[in-house]
Amino acid sequence: FTNRTGYHSEKKMTGQSINDVQDEIIEEFSMLEGDMESTVFYIMELGSRLEPLDERFRVPENLVKGCQSKVWLTSRFQDGLVWFMADSNPDVTKGLISLLVRLGNGRTPREILGSDLYFIDRIGMARVIGSQRSNGFASMIQRMKLYALQYQEQAGVTGAAAVDAGS
C-alpha cells in the first residue's frame, strides 16, 4: 500500500537479507529455464506489480541519468531504513527497477552500500536486456547507492531519523 507520504509499504523484510532476496530472484528466473521471451514477459509482469509513483515525484531531479527510458527514482530515510519509490514508462524498464526496489527497500544504508548484486550475472540479465539497458540498469543501482551514501553520511553527522530525497 501507499501511505499518506506517498511512499510504499514501510514494513521491513524481517529475516531476509539482500542475499536471501537475490537467491529468491535467481530461483524465480531459473524456473523460466533461460527462455528469452518468457524472461522478458516475467520482467514486464514484475513491473506491473510496482506501485504507481505519485505525480509529485515525477520531477526532473528524480530522473535517473544514463537510462535510455525515463526512470524516476526517489527515496526516503526513516528509522534508520531506506525506502525507494520508482517508476518508468516502458514495462521492461519498470520491471528492472522493481527488482532493485525489492532488494533495497527496508534496508540500512550500510546493507545497500555493502551489497554485491550477484543475481544480475546469475540470471543472465545482460543477455536479456542488452547493452543499452544494462548501462541504464547500472545507473539505477548507482543512484540507489548514492541515496544510501547520502543517508549514511547524514545519519552519522546529524543523527537524522527521517529525511526525504528528491521531493
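Residues are numbered from 1 along each chain as its sequence is written. Because the model is predicted, local features need pLDDT of at least 70 and side-chain atom pairs count only at pLDDT 80 or more, while totals for chains, interfaces and linings use all residues; side-chain values use heavy atoms, with hydrogens and water left out.

**Overall fold**

The protein contains 6 helices and 3 strands. Helices (H or I, at least four residues) and strands (E, at least two) are DSSP runs, numbered from the N terminus. In that direction, the order of the elements is α-α-β-β-α-α-α-α-β. Of the 167 residues, 45% are buried; buried means under 20% relative accessible area, exposed over 50%, and partly exposed in between (1.4 Å probe, protein chains only). Among contacts (heavy atoms within 4.5 Å) with a separation of 6 or more, 70% join residues 24 or more positions apart.

**The largest nonpolar core**

A nonpolar core is a set of buried Ala, Val, Leu, Ile, Met, Phe, Trp, Tyr and Cys residues joined through side-chain atoms within 4.5 Å. The largest one has 40 residues, and Ile97, Leu100, Phe119, Met125 and Phe137 touch the most other members.

Helix α6 provides the largest share of the core, 10 residues. Leaving aside neighbours within four places in sequence, Phe119 is in contact with Gln22, Ile25, Ile26, Leu99, Leu100, Leu103, Met125 and Phe137.

**Alanine 148**

Alanine 148 lies in helix α6. Its relative accessible area is 0%, so Alanine 148 is buried. Apart from neighbours within four places in sequence, Alanine 148 is in contact with Pro109, Ile112 and Leu113.

**Packing of α1 and α3**

Two packed helices are described by the angle between their axes and the distance between the axes. For α1 and α3, the angle is about 145 degrees and the axes are 9 Å apart. Axes are lines fitted to C-alpha atoms, for helices over the stretch in contact, and angles run from 0 to 180 degrees between N-to-C directions. Helix α1 contributes Ile18, Val21, Gln22, Glu24, Ile25, Glu28 and Phe29 to the contact, and α3 contributes Leu99, Arg102 and Leu103.
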